[in-house]
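User: Let us go through this predicted model by question and answer. Please give the cut-offs as each term comes up.

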Amino acid sequence: MDPASGLCEGCLRTIDEIASWGSLSDASRLAVLEAINARRKPPTTSKQAPAADVRLLCDASSHPDWPNQLRFIQRDWLSCNSVLIFDDQQGATLFDSGYIKHAQNTRDQLRQMLEGTRLHRLINTHLHSDHCGANALIQQSFDCELLVPAASFDAVRLWDEQALSFQATGQRCQRFLADASIKPGDLITCGELCWEAYAAPGHDPKSLIFFEASKALLISADALWAEGFGVIFPELEGESGFEEQAAMLDLIEFLQPRWIFPGHGPAFADVDQALAIARKRLAAMHHAPAKHARHALKVLLKFLMLDLEWADRAALEKHLAGATLLGACAKQMGMAANDALHGAIDELIAQGALRCEGTRLFNDDHRRT
Ligand SMILES: [Zn+2]
């Protein structure tokens, strides 16, 4: 059953339609079948959102400064970027796998990029759904070892969807099994490259980033992007995160990476500029936490709509009733959950990030927003 639409994902019928199917007259069954047809094709207009974008945006492996065994795979939202590192001895290592919606595309692209090399290891920087949603399929397809941050290992073992944030955000992730864990200070060797794990609290208290000292390369996950960083999730629930994020930025400045491979957006070399942008943004969040919560609520909503593509507004609200993080955002904003949600949806519509037709919401083409 799709929680957002209230329809069976296989036959597109409601629970009532399924339950009463056996006792319906031919005419009633025909009416249901016609309704299913209409559901299968939501009303289209020239502004209809395209299917989720699964392009690999960039494989700039030919950059002269980069080790030739490293491929940076820049993805469009919903999936995070990945870093693929080849090693003649062991095979390849992949950092992060992307969102579940793109899992097959990720697997197929990876297969092409590997060109027969064995993928022997998948490592997650952290376990937000856009970083680990293709884990299960990649594990099945490549029979690789999976390593997750030590702080999340038990939650994965028990598949505690609340602790893993999927329940709190209303996002999806297929269950996977972790083979081992990585903690700060651990070293990951990929051929000549040796990556040290660092704790990266702020965006996610359990996150890691990875620094390769000999070439000064940093896999920065959502701690630093070219233009900002991820939502500071602990602050939404009234816990400290801004201070930790400030310390993260100081650590990255201390490491002085020559190249940064972030969780979202392009790889970049101008670390000073990225740090300046990030510090300015962090100061603004610190100054106005309610604004940060409103931004977070909109990010979470847009993410859901990128996944769903379209949804009945009422069904979406029902789906979000169990997403505790949205309630936490509303609390930070000093608003009732429903009011905050309506306000955020209206704002996304006004910004052109969502579109409303009757009772339905559509994810608009995010490349034009
Ligand atoms: Zn994240």
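User: Which residues of α14 are buried?
Analyst: Residues are numbered from 1 along each chain as its sequence is written. This is a predicted model, in which local features need pLDDT of at least 70, side-chain atom pairs count only at pLDDT 80 or more, and totals for chains, interfaces and linings use all residues. A residue is buried if 20 or more other C-beta atoms lie within 10 Å of its own, exposed if 12 or fewer, and partly exposed in between, with C-beta atoms placed from the backbone. In α14 the buried residues are A337, A340, L341, A344, I345 and L348.

User: Within what arc do the buried residues of α14 fall, seen down its axis?
Analyst: The arc is that of the directions from the helix axis to the C-beta atoms. An α-helix has 3.6 residues a turn, so residues three or four places apart point the same way. The buried residues of α14 line one face of the helix, because they fall within an arc of 130°.

User: Which exposed residues does the face of α14 turned away from its buried side carry?
Analyst: Helices (H or I, at least four residues) and strands (E, at least two) are DSSP runs, numbered from the N terminus. On α14, the face turned away from the buried side carries exposed D339, D346 and A350.

User: What span should the 14 residues of helix α14 have?
Analyst: The expected span is 1.5 Å times one less than the number of residues. Helix α14 covers residues 337-350, and its end C-alpha atoms are 20 Å apart.

User: What covers the buried residues of α14?
Analyst: Contact requires C-beta atoms, placed from the backbone, within 7 Å. The cover includes two strands, β14 (354-357) and β15 (360-363). It also includes the helices α11, α12 (313-320) and α13 (324-332).

User: In what order do the three strands form an open sheet?
Analyst: Two strands pair if DSSP finds at least two bridges between them. The pairing here is antiparallel, and four bridges join β14 to β15. The edge strands, each pairing on one side only, are β13 (310-312) and β14. The order is β13-β15-β14.

User: What angle does the direction of α11 make with that of β15?
Analyst: Axes are lines fitted to C-alpha atoms, for helices over the stretch in contact, and angles run from 0 to 180 degrees between N-to-C directions. α11 packs on the sheet and touches β13, β14 and β15. Its direction makes about 90° with that of β15.

User: Which residues have the most contacts inside the largest nonpolar core?
Analyst: A nonpolar core is a set of buried Ala, Val, Leu, Ile, Met, Phe, Trp, Tyr and Cys residues joined through C-beta atoms within 7 Å. The largest one has 98 residues. Helix α11 (residues 289-308) gives the largest share of this core, nine residues. Those with the most contacts inside it are I209, L297, L326 and C329.

User: Is Q332 buried or exposed?
Analyst: Q332 lies in helix α13. It touches L236, P289, A290 and A293, not counting residues up to four places away in sequence. With 21 other C-beta atoms within 10 Å, Q332 is buried.

User: Which residues are buried in helix α5?
Analyst: Helix α5 covers residues 135-142. Its buried residues line one face, because they fall within an arc of 100°. They are N135, I138, Q139 and F142.
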